[in-house]
Amino acid sequence: MAISLTGKLVIIFVTLAVAAGMATMIVFLLKEEETETPITTSTTPGPEPVQGYQVGVGVADITGPCAEITFMGYAELGQRGGGIHLRQFSRAFIFVRGDTRVVLVTADVAALGIALRREVVRKLQQQYGNLYGIRNVILTGTHTHSGPGGYLVDFLFDITILGFSRETFDAYVDGITRSIVNAHNQIVPARLFVSSTHVLNAQMNRSPYSYDQNPAEERQRYNSNTDTELTQLRVVKSDGRLHGVLNWFSVHTTSMNMTNRLISSDNLGYAAMRMEKELNPGRLAGKPKVVAGFFSSNLGDISPNIRGPRCERSGQECDNQFRLCDLFELCFARGPGEDMFESTKKIGEAVFQGAMEALNKQGQELNGTLRVMHQFLEMPLETGRKYNPVTRNFTDETVRGCVPGLGYSFASGTFDGANILNITQGTLTNNPLLDAISSVVARPTSDDVACHAPKPILLATGRVFPWHPRTVSLSLITIGSFAVVGYPGEPTTMAGRRMKDVVADALRENGFNPKVVISGLTNEYTHYVATFEEYQVQRYEAASTMYGPHTLDIILSRLRDYTIAAVTGAGIPPGPEPEDYLNRTISLIPSINIDTTPAGANFGDVIQQPPESIALGDTVTVQFVGANPRNDLRQESSYVVVERLELGNWTTVATDADWETRFYWERVGGQSSGESRVTVMWTPSEVSNLPHRLTYYGAARGEGNTITQFTGVSNSFMIRAMTRDNLQYI
């Protein structure tokens with residue numbers, strides 16, 4: 001999460017307001033066989049699944065309110081939604097063996113929270129009793145920074161969204177629940193295969209100075225300061241047909257930058273959509289039978305903006321630490337494309353190609369027990385053994401966690417966003433003025449200061465209620481010798497590598513040939529986790545390691561315990577479940593206006609018609625008299641459809657979930673106005689000799705909050721092929 005300077009200032013100044021008295025207002029297990037088995041998508045039956053795995057796959061639309069709700073990720077107050085670039089989806093995978101089952105979800109959201117997970121579980125239990133619970137429902141986010149926020153409940157995460165958004169919360173709960181129900185209804189006998197490949201030119205380390213603090217002997221084990229491996233788990237039905245794929249890759253979903261106002265699932269969303277299109281020919285976006293899930297991994301210090309950061313005006317290289325831009329000059333990184341849309345496509349395409357390469361490899365079949373380990377940890381009270389990354393052993397030194405706190409360099413953000421005042425990363429000293437401001441809210445205790453050192457504490461969030469979670473969950477799923485570590489935040493590259501080492505070593509000690517992946521952004525959100533060595537230099541990721549310098553050591557200690565418990569069949573204590581704050585949230589999000597139209601116009605009237613024909617590759621633009629899309633989120637549907645006249649019937653060929661469409665909404669006449677305009681854009685990707693049209697589906701809010709559905713339809717147009725005379729229709 002790359003929080004902008006605006007976000008930081010809002011956090012600090014609202015902090016003062018709260019402190020001044022406005023709180024009420026804002027207030028696995030059998031050994032895996034080492035056989036290589038080819039994967040096929042044909043209908044040729046294979047042998048019966050070993051050890052009786054059953055797997056269900058499901059997908060559902062979770063798109064939240066696309067208008068006037070601030071996005072979660074950059075914490076940029078002005079980044080309010082104004083339409084849709086790519087819809088948000090939840091992709092669910094249910095694994096069953098014997099009496100054990102586990103749900104693993106990847107959702108196109110910035111992160112997940114305990115309140116949302118509790119509500120998903122509650123809805124599932126209404127249908128299935130205790131089949132699904134907090135322990136075996138594991139939710140992860142892709143970490144897109146282009147989705148509506150206000151759903152995490154913890155105050156610091158919702159503050160720049162103007163508080164809690166019930167619309168966003170309900171949209172995500174309903175969609176994620178629906179994806180799990182869909183997966184439950186598709187559980188079939190299956191075989192599981194693991195393969196991997198390396199994806200190049202899709203990422204860069206945005207804190208190489210921090211990475212280089214790790215021991216040289218440890219760094220020499222790796223070829224890069226980024227984790228380029230893409231790991232894939234394939235689910236194949238007993239008849240040989242592909243059922244679903246799960247992919248893990250490390251990259252921030254920040255190709256769409258902080259100026260974007262369209263909901264977008266960003267680069268990993270593009271990769272998922274592209275793979276599902278490839279595996280499900282002829283099916284509309286978001287309606288696949290073969291589900292392709294992409295999970296964020298150890299992405300903490302990994303950026304997709306591989307052209308690197310430069311000063312906005314001078315073009316000089318910058319890093320907000322050693323190389324600064326002039327005052328009020330932005331330092332931010334750009335992706336490989338000429339704009340953020342092209343960059344999203346290029347990074348997403350690279351990840352998709354890697355996933356297809358892994359799919360076409362022979363995989364190692366998994367045979368073994370299914371286990372899920374889940375525990376709540378009250379981090380300020382947790383202890384662990386210090387880990388030696390060179391020897392890959394734990395020492396006898398006991399270390400502890402800290403009450404949550406954020407350091408000064410948290411305010412510097414990263415170059416995936418923009419920092420107009422050039423607050424420097426790597427700050428190791430306090431500023432008396434800022435300390436005086438932040439202490440109005442909560443003053444860190446002497447123990448906090450000592451525990452977090454050398455981090456200078458800017459915001460003692462653990463000392464004010466309820467700004468940050470004190471209790472979070474850690475999970476481990478094992479399927480034979482394949483393990484999925486679920487961490488509730490963003491591990492840096494080396495932090496993730498150490499997690500994989502600890503789990504793999506414990507499995508290897510017990511006779512397995514392990515493969516371990518990291519799922520970041522799992523179940524709750526706790527900012528980042530850096531290594532102890534990276535923590536010492538306090539760049540952004542370290543300053544955002546909120547439980548202190550030994551956070552990773554504690555996590556590593558628990559992961560070893562979990563792995564051994566999984567191997568031996570032992571249980572682990574559930575831990576102290578976090579308090580429920582859902583009914584204590586506040587919101588300053590404005591209500592939805594009554595919709596109105598210009599004099600003499602009706603909802604859905606076409607303001608701008610398309611031309612009679614367009615050339616292939618050109619973009620057609622149509623404008624309509626609109627209404628606020630918050631009146632109807634149209635999940636599992638679309639605000640826009642592109643239709644083609646086939647045999648006398650208009651057939652949908654694209655929706656607002658497709659890459660080629662964009663749906664823009666804007667209010668006309670100021671914030672108090674009820675008039676709005678919708679602009680629909682579509683760029684055809686194939687030739688056709690049939691008429692096309694754009695149709696807009698809206699819902700208008702009237703007196704008494706009545707909702708009236710309406711439709712707007714454009715004139716038809718033809719797609720002209722690019723020929724010498726530019727007149728031929730293909």
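Which residues in H7 meet which residues in H8? The first legend answers this.

The views show a predicted model, in which local features need pLDDT of at least 70, side-chain atom pairs count only at pLDDT 80 or more, and totals for chains, interfaces and linings use all residues. Residues are numbered from 1 along each chain as its sequence is written, and side-chain values use heavy atoms, with hydrogens and water left out.

**View A. Helix H7 (residues 266-279) against helix H8 (residues 340-359).** The two axes come within 8 Å and cross at roughly 50°. That makes H7 oblique to H8. Axes are lines fitted to C-alpha atoms, for helices over the stretch in contact, and angles run from 0 to 180 degrees between N-to-C directions. Angles under 35 degrees count as roughly parallel, over 145 as roughly antiparallel, 65 to 115 as roughly perpendicular and the rest as oblique. Helices (H or I, at least four residues) and strands (E, at least two) are DSSP runs, numbered from the N terminus. H7 and H8 cross in a right-handed sense; a crossing is right-handed if the near helix is turned clockwise from the far one by less than a right angle, and left-handed if anticlockwise. From H7, Asp266, Asn267, Leu268, Tyr270, Ala271, Arg274, Met275, Glu278 and Leu279 meet Thr344, Lys345, Ile347, Gly348, Glu349, Val351, Phe352, Ala355, Met356 and Leu359 in H8 (contact means heavy atoms within 4.5 Å). Sorted by class, this contact of H7 with H8 has 11 nonpolar, three polar and five charged residues. Ala, Val, Leu, Ile, Met, Phe, Trp, Tyr, Cys and Pro count as nonpolar, Asp, Glu, Lys and Arg as charged, and the others, Gly among them, as polar.

**View B. Helix H2 (residues 114-128) against helix H4 (residues 166-184).** The axes of H2 and H4 come within 9 Å and cross at roughly 45°. The two helices are therefore oblique to each other, and the crossing of H2 and H4 is right-handed. Residues of H2 in the contact include Leu116, Val120 and Leu124, and those of H4 include Phe169, Val173 and Ile180. The contact of H2 with H4 has 11 nonpolar, three polar and three charged residues.

**View C. Helix H11 (residues 493-509) against helix H14 (residues 551-568).** Here the axes are 9 Å apart and the packing angle is about 25°. That makes H11 roughly parallel to H14. H11 passes H14 in a right-handed crossing. Among the contact residues are Met499, Val502 and Leu507 of H11 and Leu552, Ile555 and Leu559 of H14. The contact of H11 with H14 divides into 11 nonpolar, one polar and three charged residues.

**View D. Ser303, the position of a UniProt "active site" annotation (unreviewed entry).** UniProt positions are given in the numbering used here, feature names are shortened, and annotations may be inferred rather than shown by experiment. Ser303 is found in strand E14 (residues 302-303). Its relative accessibility is 0%, so Ser303 counts as buried (buried means under 20% relative accessible area, exposed over 50%, partly exposed in between, with a 1.4 Å probe and protein chains only). Not counting residues up to four places away in sequence, Ser303 touches Ala202, Gln203, Met204, Arg206, Val251, Phe415 and Asp416.

**View E. The UniProt "binding site" (unreviewed entry) at His143, His252, Glu490 and Tyr528.** These residues span 386 residues in sequence, yet no two of their C-alpha atoms are more than 12.6 Å apart, so they gather at one spot. His252 is found in the loop between strand E12 (242-249) and H7, and is buried at 0% relative accessibility. Leaving aside neighbours within four places in sequence, His252 has contacts that include His143, Asp416, Glu490 and Tyr528. Glu490 is found in strand E25 (residues 490-491) and is buried, with a relative accessible area of 0%. With residues up to four places away in sequence not counted, Glu490 touches, among others, Met1, His143, His252 and Tyr528.

**View F. Backbone details.** Most residues other than glycine have a negative phi, and most peptide bonds are trans. A cis peptide bond joins Ala453 and Pro454, with omega about 10°; Pro454 is in the loop between helix H10 (446-452) and strand E22 (457-459). Another cis peptide bond joins Phe465 and Pro466, with omega about -25°. Glu68, in strand E3 (residues 67-72), has a positive phi near 70°.
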